[in-house]
Amino acid sequence: ASSVEVQSSRSQGEMSSSPASTSLIRPQSGGDTVAEVETRVDVVRRYLDAFASADPDAIVAFVTDDFVNEHLSELGSGCTGRPEYRRRLPGFLSTFARARYVVDAIGELGGAEVVTRYRFEAEYEGTPIDIPGVMWFEVRNGLIARRTDLWDSLTFLRQTGRTGQAD
């Protein structure tokens with residue numbers, strides 16, 4: 001049985017976990033000699049934060065060469081490989097202006113997996129959207145190897161006026 005530790009984006013506290021199973025040691029960017037410990041949760045948070053930059057290169061810097069981007073929602077479209085993911089990002093970022101992921105909760109599952117509950121905020125054709133979703137990640141050697149995304153397609157259709165019903 002695996003346990004899930006959840007950290008809310010609204011909490012200021014840091015979660016502690018076993019460094020042997022969940023952390024990566026990275027050099028600090030400053031002049032100090034103390035190493036910075038980056039957890040799988042940190043990697044996922046920084047990846048999701050990179051979307052706000054609207055920079056495809058900043059986003060793909062977090063994924064492996066064999067990255068799998070899987071979408072379980074009817075309107076989603078997945079792909080495999082860093083080059084294909086990079087090729088698709090400019091279209092996504094221009095379709096969804098001011099895109100950003102707001103993490104409501106995040107935690108590690110067993111092994112290399114991280115799960116997050118989020119809200120995707122952006123503008124689609126000038127209309128503000130706020131779509132709830134859940135993502136599962138596999139983090140390998142400090143990079144994201146797999147992202148499985150499940151977001152609320154019906155809410156998207158309603159918020160953009162594509163169902164004939166207002167939200």
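What percentage of the 167 residues in the chain do buried residues make up? I got 37%, where buried means under 20% relative accessible area, exposed over 50%, and partly exposed in between, with a 1.4 Å probe and protein chains only.

**Ground rules**

I am working with a predicted model, in which local features need pLDDT of at least 70 and side-chain atom pairs count only at pLDDT 80 or more, while totals for chains, interfaces and linings use all residues. Residues are numbered from 1 along each chain as its sequence is written, and side-chain values use heavy atoms, with hydrogens and water left out.

**Fold**

I listed five helices and nine strands in the chain. These are DSSP runs numbered from the N terminus, with helices as H or I of at least four residues and strands as E of at least two. Read from the N terminus, the order is β-α-β-β-α-α-β-β-α-β-β-β-β-α.

**Salt bridges**

I wanted the charged pairs next. Side chains of opposite charge can pair when their charged atoms come close. My criterion was a side-chain nitrogen of Lys or Arg within 4 Å of a carboxyl oxygen of Asp or Glu. How many salt bridges does this rule give? The count is 13.

I looked at R87 and E84 to begin with, and found their side chains joined in a salt bridge at 2.7 Å, N to O. Both sit in helix α4 (residues 82-95), and because they are three residues apart there, about one helical turn separates them. R87 is exposed at 56% relative accessibility, whereas E84 is partly exposed at 24%.

Then I checked D104 and R117, whose closest N and O atoms are 3.6 Å apart in a salt bridge. This pair links distant parts of the chain, with D104 in strand β6 (residues 96-108) and R117 in strand β7 (residues 113-124), 13 residues apart. Is D104 buried or exposed? D104 counts as buried, at 8% relative accessibility, while R117 is partly exposed at 44%.

R119 and D130 form another salt bridge, at 2.8 Å from N to O. Here too distant parts of the chain are linked: R119 belongs to strand β7 and D130 to strand β8 (residues 127-140), eleven residues apart. Both ends are partly exposed, R119 at 28% and D130 at 26%. I also noted one network, in which D66, E138 and R140 are joined by salt bridges that share partners.

**Largest pocket**

Rolling a probe the size of a water molecule over the atoms shows where empty space is left. I used a 1 Å grid over the protein atoms alone, where a pocket is an open set of points that a 1.4 Å probe fits, with protein on both sides within 12 Å along at least five of seven lines, and lining residues have an atom within 4 Å of a point. For volume, I took the space filled by probe spheres set on the points, with grid points joined across faces, edges and corners.

The largest pocket holds about 490 Å³ of space. It is lined by 23 residues, and H71, S77, F92, F96 and W151 are the closest to its centre. Which element gives the largest share of the lining? Helix α4 does, with six residues. At least two lining residues each come from β4 (63-71), α4, β6, β7, β8 and β9 (143-151).

By class, I counted 14 nonpolar, six polar and three charged residues in the lining. Ala, Val, Leu, Ile, Met, Phe, Trp, Tyr, Cys and Pro are the nonpolar ones here, Asp, Glu, Lys and Arg the charged ones, and the others, Gly among them, polar.

A54 has phi near 60°, in the loop between α2 (40-50) and α3 (56-60), and is partly exposed at 48%. E125 has a positive phi of about 50°. E125 lies in the loop between β7 and β8 and is exposed, at 62% relative accessible area.

**Last look**

S94 in helix α4 is exposed at 57%.
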